[in-house]
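Have the sequence and the 3D view open as you read.

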Amino acid sequence: MIINFERTNMKRNFLYIVCAFLAALATSCSNDRGDVLAANGDCMVEAFALDNVNGVIDAAGRSIAITVPTDYDASAMKVTALQLSEGATCNIQLGAVLNMDAAKVLHVVNGGVFMDWTVIVRHEKIAIKPAALFLGLAYSASELDPEAKTACEWMLNNVDNSYYASFDDIKEGLVDLSECKLMWWHWHDDHVVDGHDGFLAKGTAAMAVKNQLKAFRDNGGAFLLTRYATHLPTFIGVTGTDEWTVPNNCFGDPEPNSWNCGGVWAFNIYAGQANHPVWKNLVNDGFDGKVPCTNDGYFVSNSTAQYHIGWDGWETFDAWGERTGGRILGATDDAVVAWEYPATASRGGIVCIGYGGYDWYSPTFGAGYTEHYHQNIEIMTKNAIDYLMD
């Protein structure tokens with residue numbers, strides 16, 4: 001069974017509205033809520049330090065970040081400052097010695113309420129000179145969401161001289177791009193990045209270096225853009241001056257709400273593209289002309305950023321190509337799900353995959369799950385990287 005999902009039916013949308021309403025009710029009854037703290041006592045962390053290095057407290061994100069030198073041993077760090085809201089207590093005491101090679105949770109309790117804070121140690125960064133980059137919004141690869149982190153770890157283990165870098169690293173000049181051939185941005189967001197305005201609202205770090213990204217491509221650098229990162233080409237001049245050539249069909253679930261795909265999810269290799277290098281050596285077992293991505297029992301967030309044909313001026317597949325200058329590589333019956341902007345004599349190529357089944361991380365697996373087609377995610381990704389870096 002091959003399944004393709006687009007959330008365009010009213011019943012599905014109604015269910016999402018109901019679920020969102022119920023979730024809101026559940027959240028409003030939680031003891032972990034800032035709006036009930038005034039009546040029951042505060043659970044704030046006012047000061048926190050390890051080895052006399054003060055943490056940067058992010059109240060909105062409920063996190064505490066401590067930055068140490070690049071080669072600092074974080075395996076036995078002592079809590080040297082701890083100040084909480086009046087009346088509050090927590091699970092970590094002043095003077096405790098912590099292994100900060102992994103993040104710790106500070107559980108603060110005050111009366112009938114509590115709040116969890118994530119404490120993380122960050123090592124100062126040194127300048128890098130990569131052949132390939134995995135891009136992200138997080139400070140380090142260890143702080144990426146599970147979906148992007150899984151993809152990043154695969155790249156670092158399978159692509160020579162590849163590194164993780166944040167957009168801020170590029171802005172701050174910590175990345176020497178003189179020998180870099182490829183940047184891969186696989187962007188997951190639990191609350192969907194939807195179209196032009198959605199990208200501008202959530203992609204501020206990328207937009208802050210859009211001139212550097214454009215220059216990178218103009219000088220021959222290539223991009224692999226997957227999931228919500230497929231919005232980027234519009235904003236670095238790939239589609240000309242038309243800033244509304246972003247995907248028009250974006251949706252997805254939060255990772256914790258991922259659901260069983262229920263069968264094989266696959267999309268079609270577009271007409272004339274069967275021999276494209278990106279599709280080389282795929283496992284299809286009789287699904288000729290298709291790219292199967294999952295098996296029953298694999299749980300997906302179905303995060304998608306594609307072009308629905310027939311909507312918003314994208315009346316036909318040919319019209320999509322004429323407007324964007326792109327080449328369709330993969331499609332469903334009514335959507336462009338994989339495409340490229342081919343390299344030119346001076347500019348690097350770009351491959352985009354916005355299909356919901358292009359998924360790196362399953363939070364759980366159904367009973368009896370056997371991996372088979374999901375290996376195609378790695379295969380097509382390695383193909384795309386090799387193709388773009390050639």
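## One turn along a helix

Start in helix H10 (residues 375–389), where Asp386 and Lys382 sit four residues apart, so about one helical turn separates them. (Helices, H or I with at least four residues, and strands, E with at least two, are DSSP runs numbered from the N terminus.) The side chains of these two residues meet in a salt bridge, at 2.9 Å from N to O. That term means a side-chain nitrogen of Lys or Arg within 4 Å of a carboxyl oxygen of Asp or Glu.

How open are the two partners? Asp386 is partly exposed, with a relative accessible area of 40%, and Lys382 is partly exposed too, at 28%. Here buried means under 20% relative accessible area, exposed means over 50%, and partly exposed is what falls in between (1.4 Å probe, protein chains only).

## What you're looking at

This is a predicted model, so local features need pLDDT of at least 70 and side-chain atom pairs count only at pLDDT 80 or more, while totals for chains, interfaces and linings use all residues. Residues are numbered from 1 along each chain as its sequence is written, and side-chain values use heavy atoms, leaving out hydrogens and water.

## Bridges across the chain

How many salt bridges are there by this rule? The count is eleven. One of them joins the side chains of Asp218 and Arg347, at 3.1 Å from N to O. Asp218 belongs to helix H7 (residues 210–218) and Arg347 to the loop between strands E22 (335–341) and E23 (350–353), so this pair ties together parts that are 129 residues apart in sequence. Asp218 is partly exposed at 25%, and Arg347 is partly exposed at 36%.

Another salt bridge brings together the side chains of Asp242 and Arg323, at 3.1 Å from N to O. Asp242 is in the loop between helix H8 (232–235) and strand E15 (249–251), Arg323 is in helix H9 (residues 317–324), and the two are 81 residues apart. Both are partly exposed: Asp242 has a relative accessible area of 26%, and Arg323 has 32%.

## A closer look at H7

Back to H7: which side chains are tucked away there? Leu213, Phe216 and Arg217 are buried.
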